[in-house]
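Subject: The model we talked about

Hello,

Here is the structure you asked for, with some notes to read beside it. Please have a look at it on screen before you go on.

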Amino acid sequence: MDIRQRDLSTKNGEVGMLAESESLGIGIRVVASGAWGFASTDRLTREGIETCAAQAVSIARASALAKIKNVQMAPVQAYVDTWQNPYLKDPFRIPIERQLDLLLAADKEMRRVKGVTVAEGSMSFRRIDQFFASSIGSAIHQVKVQSGAGIVATSFQGKEIQKRSYPNSFGGQHMLQGYELVEAMDLVGNAPRVAEESVALHGAIQCPEGVATIILGSAQLGLQIHESVGHPIELDRVLGMEANFAGMSFLTVDKLRNLRYASDIVNVVADARLEHGPGLGTFGYDDEGVRAQCTPIITAGEFTGYLSNRETALDIGENFSNGTMRTESWNRLPMIRMTNISLLPGTWTYENMIADTDDAILMETNRSWSIDDRRYHFQFSTEIGWEVKNGKKGRMIKNPSYSGITTEFWQSCDAICEREEWTLWGTPNCGKGQPMQTMGTGHGASPSRFRNIKVGVAFSH
Amino acid sequence: MAAKKSKSKYSRKALAGGAEAPSVAAAKRKSFRSGVVDHRLGAAALQEIAERVLKLSHADETEVDITVVSDALTRFANNTIHQSVAEQYVQVSVRAVADGRTARASTNKTDEASLRRAVQTALDLARCLPKHRGLQPMVRQQKYVKVNRFFEETASATPEARARAVARVCKFAARQKQTAAGIFSSGMLETALANSSGLFAHYEQTRAEFSVTFLESDSSGWAKANSPRISEIDPDALAARASQKSQASRSPREVKPGHYTAILEPSAVLDLVGSIFYDFSGTAVADQRSCLTGRMGKKLFGDNISIWDDVTHSMQLGAPFDGEGLPRQKVELVENGVPLNLVYSRATAQKMKAKATGHGFALPNEYGEAPMNLVFGGGLASVEDMVSSTGRGILATRLWYIREVNPYEKVLTGMTRDGTFLVEDGRIVGGIRNFRFNQSVIELLSNVEMLGPAVRAAGEEAFEMVVPAMKVRDFHFSEVTKF
């Protein structure tokens with residue numbers, strides 16, 4: 001894999017970070033003596049690669065000392081192919097000055113608003129050029145170009161720190177696209193609103209504590225999907241392989257096609273194909289040489305699928321992997337990761353959903369997230385909320401939060417907005433595995449409504 | 001499927017790459033013993049690379065940061081090894097300064113062309129920038145406290161040795177009718193920092209870690225330790241502890257959420273108090289996003305809370321110099337509950353009219369600095385003392401998925417995990433279902449009733465620090481989960 005990365009950031013009118021990096025290396029995964037071994041090196045001479053391969057074999061043979069059974073894998077076809085995501089503007093060919101000017105212009109707009117104490121902006125671009133070869137004869141060359149950007153206004157007043165982000169928190173929006181993604185965001189145009197909202201939050205009413213109807217904006221719902229659907233369906237987690245670190249899952253194998261996960265209107269897919277959209281979970285082939293697929297995860301509310309690889313597929317009686325093995329870099333072992341885990345659009349227009357709601361809290365843009373190690377109990381808070389009363393959006397609410405149990409939450413969903421409101425969000429920072437790997441995942445969602453949800457616990461004492 | 005012939009750039013020639021730095025190639029060839037690649041290059045080899053980079057540069061000033069990593073990790077679950085990995089790499093990071101502007105470029109290739117490209121990229125990037133306010137000349141040669149944190153026994157640990165220890169633990173688990181999962185890792189890190197003003201700093205360390213979870217149908221237990229010396233890691237003892245915790249937490253009962261006296265083992269303390277390290281950054285206070293904004297010099301925590309940053313502490317790890325090459329100084333952060341001092345990079349110190357403390361991150365960055373070697377003052381109480389003195393409370397082994405809810409009051413949310421117990425009338429009466437908490441760290445550190453001896457604690461949410469077990473009153477467990 002050959003990875004090139006560019007990171008830029010600005011803070012309060014100055015350039016914070018400007019850095020580029022490149023990393024080229026090889027990772028070799030082997031089965032020897034019926035056990036797994038993996039070694040990686042950046043030493044790409046014949047001697048270096050031979051040493052790395054021998055090390056992988058040696059490690060596998062050592063692993064066999066604690067083997068219960070031989071590694072077995074579902075078959076996969078050999079592919080010789082190339083794949084590249086389409087993009088219009090190579091972000092690495094856009095002059096740095098232009099990228100910085102855009103961030104600094106947005107920064108200036110945010111700092112015009114009295115009460116903003118920190119204005120920040122960032123962009124990151126990544127090009128992954130990788131070649132996969134396997135002993136069954138696959139030779140797959142893939143190139144992925146991804147872009148991301150976002151701005152944040154923070155306001156400190158009295159004893160309170162409030163912030164607003166655009167287009168999403170924790171780095172903004174990221175997709176498998178070129179610089180056209182950043183240009184379409186209109187960071188400068190949105191900067192004044194973001195800044196004004198960060199200051200206005202100090203005077204907003206506190207999120208009440210109790211049980212309420214909530215409407216989640218699509219970005220927040222994207223993270224809800226990530227944590228309460230995406231992680232629990234990882235089959236390695238279900239089978240106990242992550243028990244020591246990331247944890248396990250309430251979705252034990254007996255629940256496949258035997259669990260009411262959500263209400264009838266909820267349909268979720270894991271779709272790595274380009275036709276789903278240019279998400280951070282889009283590719284041609286996974287890092288085990290399996291073609292990108294679409295797997296139904298929740299179908300009309302029923303639990304219908306896991307994320308698998310060639311090894312774990314056999315454990316649920318499948319004879320094929322659904323193609324979710326992904327690696328952060330050449331020095332990390334591929335593992336089961338989310339692709340694009342998306343809630344399919346519903347039928348409501350946004351206006352009709354609001355008009356149909358008597359009393360609710362609309363919550364937008366994630367501020368904090370936490371879920372237990374089996375993915376049952378979660379608590380999220382968002383940057384901003386709004387009253388919805390008698391079919392109209394009303395007063396601003398600060399410190400919104402909600403909590404619940406995963407299946408109870410998804411079963412309470414009674415309205416999902418249509419495709420017009422649907423966005424394929426990118427989560428660039430999903431951590432899993434030991435050694436830790438960070439992976440980008442995609443989550444399509446449109447604003448949706450949930451009934452009888454516990455709210456306000458995070459700020460209650 | 002359609003098989004188009006790839007016109008890949010990964011030809012045999014391309015894969016062969018350019019010539020490595022001679023010293024790197026020679027050092028890497030040193031040995032390959034039973035799955036261990038000896039990747040330690042040594043100060044001389046790193047200095048040679050640094051000098052080559054500096055000679056290639058035409059920038060006003062140039063800084064070279066070289067990192068060498070060799071890590072291996074054996075991972076087990078369901079009483080068998082399911083992953084075992086190793087990695088080696090060298091990263092060369094170059095910072096160039098041109099007319100008061102600075103930027104960075106990095107590469108993991110040490111051939112002449114790659115180093116030249118990194119130097120040129122850093123310079124080209126710097127020239128794109130507006131001038132950095134507060135950018136100071138690079139530091140000259142410094143004197144550092146010597147720390148010995150490299151142990152050959154760890155660097156040379158083999159996958160067989162790790163596998164044998166894991167096999168023992170897995171067999172033990174099977175005998176106990178339990179299931180074990182965890183990791184056993186070992187590795188080394190070498191860094192060098194050099195610049196065109198004559199600085200050369202070198203640091204090396206080793207690190208071994210064993211973490212284990214024992215599972216049963218309705219309970220689990222966990223234990224973890226790390227050390228620069230692999231001989232100080234006792235996998236069998238850690239496994240026995242995790243096993244015992246799992247047994248003791250069988251058939252967990254549900255206890256109502258509320259405010260309880262909490263007995264937090266060191267790992268649980270670490271993952272909570274670990275969240276406040278950046279609040280002691282001068283930049284965080286200047287930006288008004290530290291919980292210490294407006295609170296310095298005032299009583300904030302209990303009398304029994306003292307915190308300092310000390311890279312030389314015998315239970316700490318890390319280089320004795322910061323990202324600019326300044327010596328890391330010992331800083332008294334909190335004394336008897338009063339936050340007294342912050343840490344400062346050179347630029348932040350200049351801006352805040354303070355003295356640099358040697359805690360700056362590598363430039364350029366927007367975060368400034370942070371104390372990375374926190375040490376909490378401890379006490380004499382054992383966890384058993386804390387339990388025996390508690391009428392009704394909760395004992396937590398480990399916490400999980402901790403996130404900040406309210407940054408100024410430092411309210412954190414998260415879950416208990418892998419060994420949560422109800423304490424009544426001075427004894428542990430059994431396991432309970434895991435709680436969610438929403439707890440202010442400021443309040444927590446004001447409510448500490450008993451402190452254990454400070455130890456090097458290992459968690460999953462914060463980097464390692466030296467912290468004690470704590471008995472804390474009025475800990476807010478807000479909701480309960482289903483297991």
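Two strands count as paired if DSSP finds at least two bridges between them. Helices (H or I, at least four residues) and strands (E, at least two) are DSSP runs, numbered from the N terminus. Please bear in mind that this is a predicted model, where local features need pLDDT of at least 70 and side-chain atom pairs count only at pLDDT 80 or more, while totals for chains, interfaces and linings use all residues. Residues are numbered from 1 along each chain as its sequence is written, and chains are lettered from A and ligands numbered from 1 in the order in which they are written.

**Between the chains**

Strand 2 of chain A (residues 14-24) pairs with strand 5 of chain B (residues 101-107) in the parallel sense, over 4 bridges. Within strand 5 of chain B, Arg104(B) is the bridge partner of Ala19(A).

How many residues does the contact take from each chain? Chain A gives 82 residues and chain B gives 90, where contact means that the C-beta atoms of two residues, placed from the backbone, lie within 7 Å. On the side of chain B that touches chain A, strand 4 of chain B (residues 80-98) provides the largest share, with 11 residues. That side of chain B has 38 nonpolar, 31 polar and 21 charged residues. Here Ala, Val, Leu, Ile, Met, Phe, Trp, Tyr, Cys and Pro count as nonpolar, Asp, Glu, Lys and Arg as charged, and the others, Gly among them, as polar.

**A sheet in chain A**

Chain A has an open sheet of 4 strands in the order 14-13-12-17, with antiparallel pairing. Strand 14 (302-303) and strand 17 (341-343) of chain A each have a single partner strand, so they stand at the edges and one side of each lacks a neighbour in the sheet. Strand 12 of chain A (residues 268-271) is joined to strand 17 of chain A by 3 bridges, and Ala270(A) stands opposite Ile341(A) in strand 17 of chain A.

**Two domains in chain B**

By an automatic or database domain assignment, chain B has domain 1 (17-227) and domain 2 (252-483). Their C-alpha centres lie 27 Å apart. The contact takes 32 residues from domain 1 of chain B and 25 residues from domain 2 of chain B. On the side of domain 1 of chain B that touches domain 2 of chain B, strand 8 of chain B gives the most, with 6 residues.

Best wishes
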